[in-house]
Amino acid sequence: MVRRLIRYWAIDTQLVGLVLLLTLFGVAMIYSAGVLNDPSPVTTGAWMRQLVWLAIALVAFTLVSRIPLRWFEWVTMPGYVFAVIMLAATKVIGTGAGTAAGVESFIDLGFVRFQPAEFAKLATILALARYLGSRADEPATLKDLVSPAVIAGLPLVLVLLQPDLGSALAFIGILFAVLFWAGTAPWLLLLLASPGVALILSFNTLIWSGYFVVLVIFLYMYRYRLYLVESVSVFIANLAAGTIAVPLWNSLAAYQQNRILVFLDPSVDPRGAGYQLIQSMVAIGSGGLTGKGFTLGTQKRLDFLPEQHTDFIYAVIGEELGFIGTLLTLITFALILYRLVSMAEQAEDPFAGLVIFGILGTWLVHIFVNIGMTVGMVPITGIPLPFVSYGGTFLLMSWVAVAVAARVAHEEP
Amino acid sequence: MKAHHPHRRRGRAKFATGIIGLVIGAIALQFFRVQVLQSSDYKLQAESNRLRLLPIPAPRGTIYDRNGLIIADNIPGYAVYVLAAPRDSMNVSLRRLQPILDLSDPRIEVLEGRIRRNLPLLVDVDADLDAVAALKERSNEFPGIYIEMRPKRRYRSGAAIGHALGFVSEIAADELATPRFTEYEQGMLIGKAGIERQYEELLQGTRGVRILEVDATGRLVGSFAGREENPSLPGEDVHLNLDLPLMEWIHSIFPDSMRGAVVALDPADGAVLALYSAPTMNPNDFVGGIETDLWNELSSDHRQPLFNRAVLGRYAPASIWKLATAGIALDAGVVGPTEVMPVPCTGGITILGQYKRCWNPDGHGFLDLAGAIANSCNVYFYQLGVRIGLDRMLDAGTRLGFSRRCGIDLPEENPGVFPQDRNFWVDVFGYRPLEGEVLSLAIGQGPNDQTPLKMAQFYTALARDGSAPAPRLLKGTDPTDSWRLELSRLAIEELRKGMRGVTSPGGTAYFGTALEHWEVIGKTGSGQNPQDPERPHAWFAGMAGPWGGEPEIVVVVLVEFGESGSRMAAPIAAKTVDFYLRRKYGIPIDTIQTLAEHYAAGVLAPWARQ
């Protein structure tokens, strides 16, 4: 009876169970992050606020998961337009908040502060799924990728202006994940990504040159599957990205380069080079295999860890629960992602599968960038860890995403 | 729709699963590297992150006088640190401490220059109790400030022993650069002068280390606070030959308005019983950093209170040198102990082609050595000088160390000025000396300047058998003879007889030196000086002991511009030896000591009629 009730509520017990486990684990870690030698009111009560948000999220889950998928399709376009307007509005009436005080990503509704970017992610996923799901064939040419790129690019540019690099990366993740599930050939996706790759690689001339040779060979090999104009535009885009980047960067003074880095992400480096990264790695590394014990992390307690209840929550996990704790958390994430893949695989409805992959794309970017930055795999970017980091809107929208995914599973036989 | 055919879906799902596995696997691998493979490195870093090592100075060794009385010990003091933190916040802390610790702007600048990453900054080695109380009370307002109780030097007798003892103060940057102090660190207290400097390594002890746990803002936290990891080892105690009550006594009797020095040695082993320089300074003023006003006052005072006249001041020895001339002559065998000089003193003498006057125009007549010393007859000593000859005089004076340091165990001592050979005149004055230079040297004039300590060492030889050990401040060191005069017992008796003539009835220093219990013998001198020709420096060099016994204390008193050796210097010497010997023999101290004082006080001195 109880099991049936749970099944009825959760719809997909595996996904919801894993996510709920992770969220409660997150609340525990947020509680631990507040256990400091010199407690601060911001972090001490955060776990209780997170619990309240979890309650709200569970209600939202219950409601949203009862909404037929078709309804989502109907509200997709108005929802997307609304999200874009909200994002644009943050430039005018937005405020910073909490640990992201330098980023104007919140809209203050008086009783609660709301992050439009989180809503925009879901809206963009739906919009992309709607667009690609309604197409007869998979995107086969670069031209076919232009419209999806614009759908994802519009909110991307708007969050970049806030400036919120983390959310911008999430939109890229959504775009590629959805395009992939829509059947886009991987080589086309690579071509789409190539100007970005060129921009990054251009900081080393030798590597960039090698990359460019590979690109030209690639374009030659696929010459019959591309329009000439496409090949040429990919070539030009790569050339432009590669050649402009270096002189552009070098023409700047060191303080200007720093300013740009700070512009991209203000949370980087507030107290000397790499301070956050060093402190995070020291905390994680000193956790060792088994960790220092729940709430007992010394680096955390003594406030060496930056942003320990939000962006660097994983460093607290690493310090207190050790490699065993981080590995188990990673496995949980992997299981959740794998569950999403399975659900998408079983979805007969293209729209349903695409929505699930959009969600998967967001979460994968969030997981990789957030966890990766705590151990120096990726540059430090203000991006939260789904279900674990403190943050109301993000938790709510993540759970709404779970609800959408669960609904998809429900509607598929 | 081909793309969403189940077969295609399965293929993509596998691909996606592969990507997810790759991403999660890469992260897991990196965590394995950081948390398992490199964990020990990070654990070490975590420790250094939160633990601060604070060096704990060892309590400095106690300094005792010869009687076991404490000269210098330690009392609790308070040191204020700014714990290691980013430079900016340390600067802010300093500025906030400034009004409370009363730090000057230049001092703040010095301290700012000393800020080093990961090192606590010692702001004040000796904070006032009021300031400490204020800081403790408002500790929330001062994160990163650490107050530590640490031993603070105290000099019990203050000014009386200032010059001999020296003082401790924070090590200076240029000292840190010297090889001697390579083990030392900024902010440590070290001996700056005197005994404190000389026996610095003994007294310092071994520092301990205290482990402090701090948070990211540098605030002290946790159970680690104050745990002493390596307790400090106190410095060794130092026992000195100095007689503390005697030093205090000299300090009390030396005329406040006068400048000069008193040196008292134990002839038995060259032990330094007293080493006093006036005006003096109070070493307690230097502990924990001297106040700028006081320092300016001390260093600009024309009386030079920081100058240790006993070992650094060089003065023309004048007539007290005549004993040296006599000793050299006896040692060389150019005069017999009781031999009468053939040419009598008639108020002057023509010698080596020039006419030289005696100080007494009436003349002294025929004199033997003792008589010449008693009367300080220049005419006799001119003749003695000629008998010695210039070269032998220079050789002997050099052998007796009149151009060298005595080798006292103090960081600073000036060598005397005395020509080692005839080239001295060429080098200094630009002419070759004639034999006649010996005339000036024989009566303690000419190119001859000696420290009070050196003259005391010379008189020690006369109080012994002609040998002179190096003066020692540290107790228990074996006396090492630095030189010796070959004097027969008779010769020494005759020399002492001459000195007795100075202090016995009829002698110039009789009233100022005659004591009830002890026999004082010695020689007065008036050192001409270029600064004030009207007022020579007053010397008295002598020795004292029980009546009919051997001398037990040698004393030299110099009073700058004191005019009269017998009236100014001799009474100080007599009162010094009286105090020392009375304490030694258990006779109660009386402030009315010399015959002159008895008369001045209207007290009969029946003992003086003997």
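**Close-up views of a predicted model**

**View 1. A hairpin in chain B.** Strands E14(B) and E15(B) form a hairpin with 2 residues between them, and B:Leu352 in the turn has a positive phi of about 50°. This is a predicted model, in which local features need pLDDT of at least 70, side-chain atom pairs count only at pLDDT 80 or more, and totals for chains, interfaces and linings use all residues. Residues are numbered from 1 along each chain as its sequence is written, while chains are lettered from A and ligands numbered from 1 in the order in which they are written. E14 (residues 348–351) and E15 (residues 354–357) of chain B run antiparallel, joined by 4 bridges (strands pair if DSSP finds at least two bridges between them; strands of at least two residues, E, and helices of at least four, H or I, are DSSP runs numbered from the N terminus). Look for B:Ile351, which stands opposite B:Gln354.

**View 2. Two helices crossing in chain A.** Here the axes of H4 (residues 46–64) and H17 (residues 392–411) of chain A come within 8 Å and cross at roughly 25° (axes are lines fitted to C-alpha atoms over the stretch in contact, with angles from 0 to 180 degrees between N-to-C directions). That makes H4(A) roughly parallel to H17(A), a term for angles under 35 degrees.

**View 3. Where H4(A) and H17(A) touch.** Among the residues that meet are A:Trp53 and A:Phe61 in H4(A) and A:Leu395 and A:Trp399 in H17(A) (contact puts C-beta atoms, placed from the backbone, within 7 Å).

Key. Parallel < 35°, antiparallel > 145°, perpendicular 65-115°, else oblique. Contact = placed C-beta atoms within 7 Å.
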